[in-house]
Amino acid sequence: MSEKPFWEGKTGKEMAGLHVKATWKNGTIATGVLNDTGDIDLGDHRSLYTSRGYDSSCDFKPMGDIQSIELLDDPKYKRIDNIENVQVGDIFVADDGNQYLIDAADKGDKAATFRAYLSYAGEMWLSNCAFAYALRPKPKLPDHDGLWLDKDDNMWTMRDGSVQCTCIRADNWNFIRAWFSPDSVQVLNSAPFRPAKVVEA
């Protein structure tokens with residue numbers, strides 16, 4: 001039995017903001033972000049029709065000449081849909097598809113909470129009304145056996161898929177924490193990691 005498509009049972013509104021790859025039966029391939037009617041948004045009120053739906057409440061159904069629609073997930077970023085969870089360092093994605101790196105926030109301003117610096121325009125406060133979602137870079141975590149340094153230059157050891165914080169005292173290794181999985185809270189709070197380089201004396 002084949003797995004049902006990711007879009008089955010979803011409305012255009014539920015599909016809005018998703019990054020997809022559409023393949024037509026004639027071989028044409030397009031990638032883009034869906035709008036609330038399930039079409040690829042081209043900006044300037046133009047769309048590439050990918051759904052038979054005509055408004056945001058309609059079920060998403062691909063046009064008859066589309067062979068497949070695949071969800072594209074960027075493994076380097078975590079998507080944040082709630083503006084309340086956005087923070088400095090995230091990427092603000094506006095409803096027109098433009099992206100802005102957030103460099104400051106004013107949580108007291110409910111109209112334009114986040115600021116970005118644009119090389120061509122200087123500082124710009126981003127309208128909350130334009131918020132579609134945000135992207136947060138996923139931190140680099142240990143992914144192979146060996147020695148790793150965390151954001152504070154603490155030494156970690158990875159072995160057989162687990163990591164342990166270590167330190168060197170009096171010319172020997174002292175293990176100061178239990179072994180953790182790489183995606184545990186303790187490890188995530190110490191990210192980003194980088195492999196420790198071996199230095200020969």
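**Entry 1: ground rules**

I worked from a predicted model, in which local features need pLDDT of at least 70 and side-chain atom pairs count only at pLDDT 80 or more, while totals for chains, interfaces and linings use all residues. Residues are numbered from 1 along each chain as its sequence is written, and side-chain values use heavy atoms, with hydrogens and water left out.

**Entry 2: the sheet**

I looked up the strand order first. Six strands make an open sheet, ordered β6-β11-β7-β8-β9-β10, with antiparallel pairing. β6 (77–80) and β10 (122–126) are the edge strands; each has a single partner, so one side of each has no neighbour in the sheet. From one strand to the next, the twist averages 40°. Strands (E, at least two residues) are DSSP runs, as are helices (H or I, at least four residues), and both are numbered from the N terminus. Two strands count as paired if DSSP finds at least two bridges between them. For angles, axes are lines fitted to C-alpha atoms, for helices over the stretch in contact, and the angles run from 0 to 180 degrees between N-to-C directions.

**Entry 3: pairings**

I then went through some of the pairs. Strand β7 (residues 91–94) is joined to strand β11 (residues 131–137) by four bridges, and the two run antiparallel. I91 has L135 as its bridge partner in β11.

Strand β8 (residues 99–105) pairs with β9 over three bridges, in the antiparallel sense. Here A104 stands opposite R115 in β9.

β9 is also joined to β10, antiparallel, by five bridges. A hairpin of three residues connects β9 to β10, and L118 stands opposite G122 in β10.

How much of strand β9 is buried? I found that four of the five residues in β9 (residues 114–118) are buried, which leaves the strand mostly covered. Buried means under 20% relative accessible area, exposed means over 50%, and partly exposed lies in between (1.4 Å probe, protein chains only).

**Entry 4: salt bridges**

I counted seven salt bridges in the structure. The term requires a side-chain nitrogen of Lys or Arg within 4 Å of a carboxyl oxygen of Asp or Glu.

R79 is partly exposed, at 30% relative accessible area.

Another salt bridge joins the side chains of D103 and R115 at 3.0 Å, N to O. This pair links distant parts of the chain, with D103 in strand β8 and R115 in strand β9, twelve residues apart. D103 is partly exposed at 34% relative accessibility, whereas R115 is buried at 18%.

R115 also meets E123 in a salt bridge, 3.3 Å from N to O. E123 is exposed, with a relative accessible area of 53%. Through shared partners, the salt bridges join D103, R115 and E123 into one network.

**Entry 5: a loop residue**

Last, I checked N128, which sits in the loop between β10 and β11. Is N128 buried or exposed? N128 is buried, with a relative accessible area of 17%. Which residues is N128 in contact with, leaving aside its neighbours within four places in sequence? The list is I83, D109, K110, A111, A112 and T113, where contact means heavy atoms within 4.5 Å.
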